[in-house]
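Q: Could you take me through the labels used for this model and show what stands behind each one? I would like the values set beside their definitions.

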Amino acid sequence: MLIYREKNGWPADAAAGGRTPASKQRTKNVVASMDDTESTTTSADENTGNLLDNPTRDTLAEGLLGLLKPCIDQLDDRVRATRISQLELRQQIESLNEELMKVREALNAQPDLELYVKKLIACKHKITVVLNILQASQDRLNDLRRSVGLEKGVRTAILTGSDKIEPEQGPSAEDSFLLIDALEQDLSYLKTKNPAICLEIGSGSGIIVTAFGMAFQNCFCLSTDINFKACLMTHHTASHNGVPLDSVNMDLGMSFVNNKFDVIIFNPPYVVTESSECGVKDISASWAGGAKGREVTDRLLHEIPKMLADDGVFYLLLIKENIPGEVVNIMFKLGYRSNLVIGRRVRNEHQLVYKFYK
Amino acid sequence: MLTSKCLKGVTTGYPLAINAKEVKITEIDFNPEFISRLIPKLDWNVLWGAADSIGHSEGLPKVIEPKYEENEEFLKKAHRVLLEIEIEEGNLTCPESGRQFPISKGIPNMLLTEAEVQ
């Protein structure tokens, strides 16, 4: 930027040596902020080698400075501002760095988890061990139970499900278990009697007669049932438990030769129903007892004297609704004494097992 | 076999004749005490006749000798006939009426019809 003073007749090129002739053409673009000092001396005259004492030059220099100064000031300001923002940025970077350091530390803080994992694995091992112990105990318990059952000889008959037979069941098995309990209670009495042939009428699943057969290995067991499927199932149950037994599809004990049996067991269809429901040959025969629940029982009572041996014993299950007193009377008239062996309340039934003997 | 010796027909029809279509022989543990106790309860002649009718009477004496309970050979034969020989399929015939009672799957069906019950 060249500064020109407009002076009348004053030559365009300045005294501070070295100005090109081209600068003459910028006379119109002049910005002068300095006072024009009149100077009559020409540049040619002042164009001496003495650079220190040139007032024109000084003035020019001042002018230049003046012109440049605001720009420089501006630059200074901007530089200062930049510097400040740089400082701020640095601070931000430092704080970010700190954060990152913290994050890294947090990430590095993993070893704690491993400890817990190890603890969990140890627990798992312990649980497995405990489980194995429980399993072994359970097995031993089962073996013990089995051997106890063998010792007692009663109530270890296990029912089997067969593919060929669909096991139809009556309402519940509580009555069967009560009969088995009654036999168990009379075990010593029966052992002294030493029965040779035993009969269960209406054997159903065969659980009772099988239990009896397991307790009395020297007794021949027979069973009857009006339902052929029950006969098959009884046979299965007995052979599964190692009891030799013959099953006959028969109505009560009608077709047997006289006075052969030392023990007769009967778990009758004792449920009080309409007479019409009683006497059907399907599964309802296992529970439908007709009037007073006694129609089937009464028929059998009159056969007992023909079937039972002289010193034989007859076990019969009844419920209160069957009016046991009447049964006892009937048997008494037929010549039999009676005893209540065991009784139990099962849900809404009061079940009783009686035994009859001469 | 033992069971059939306990069965009878309608009124006095005993013994029931055996008509065997399928005979099964199973092995059962020999229990001498058991057998000796059963023998007096049976009509031995009838048993022999029944065994003979199905062709298994060989070696079985027609008459029981005294002190049979000590004769293990005899007891074993009796055991075989009574317990081990089973009739799977066949018929039991009443000597009185000629009525046939079928045996199926080893189970004799003695159920009488409505008419017969009257």
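Q: What makes residues 160-168 of chain A a stretch to read with care?
A: pLDDT, the predictor's confidence in each residue on a scale from 0 to 100, stays under 50 over residues 160-168 of chain A. The model still gives this stretch 12 contacts (heavy atoms within 4.5 Å) beyond four places in sequence. This is a predicted model, in which local features need pLDDT of at least 70, side-chain atom pairs count only at pLDDT 80 or more, and totals for chains, interfaces and linings use all residues. Residues are numbered from 1 along each chain as its sequence is written, chains are lettered from A and ligands numbered from 1 in the order in which they are written, and side-chain values use heavy atoms, with hydrogens and water left out.

Q: What is the pLDDT of chain A on average?
A: Chain A averages 80, and 78% of its residues score at least 70. Over residues 6-10 of chain A, however, the pLDDT is below 50, and this stretch has nine contacts in the model beyond near neighbours in sequence.

Q: Why is L252(A) called buried?
A: Buried means under 20% relative accessible area, exposed means over 50%, and partly exposed lies in between (1.4 Å probe, protein chains only). L252(A) has 6%, so it is buried. L252(A) sits in the loop between β3 (245-249) and β4 (261-266) of chain A, and its phi is near 50°, a positive value in a residue other than glycine. Most residues other than glycine have a negative phi.

Q: And why is K292(A) called partly exposed?
A: The relative accessible area of K292(A) is 38%, so it is partly exposed. K292(A) belongs to the loop between β4 and α8 (295-307) of chain A. Its phi, near 60°, is a positive value in a residue other than glycine.

Q: How do you know that chain B and chain A touch?
A: The contact rule settles that: 25 residues of chain B are in contact with 28 residues of chain A. The buried area (accessible area, with a 1.4 Å probe, that two parts lose on being put together, summed over both) is about 2400 Å², and carbon and sulfur atoms give 60% of it.

Methods
Helix = DSSP H or I, 4+ residues; strand = E, 2+ residues; numbered from the N terminus.
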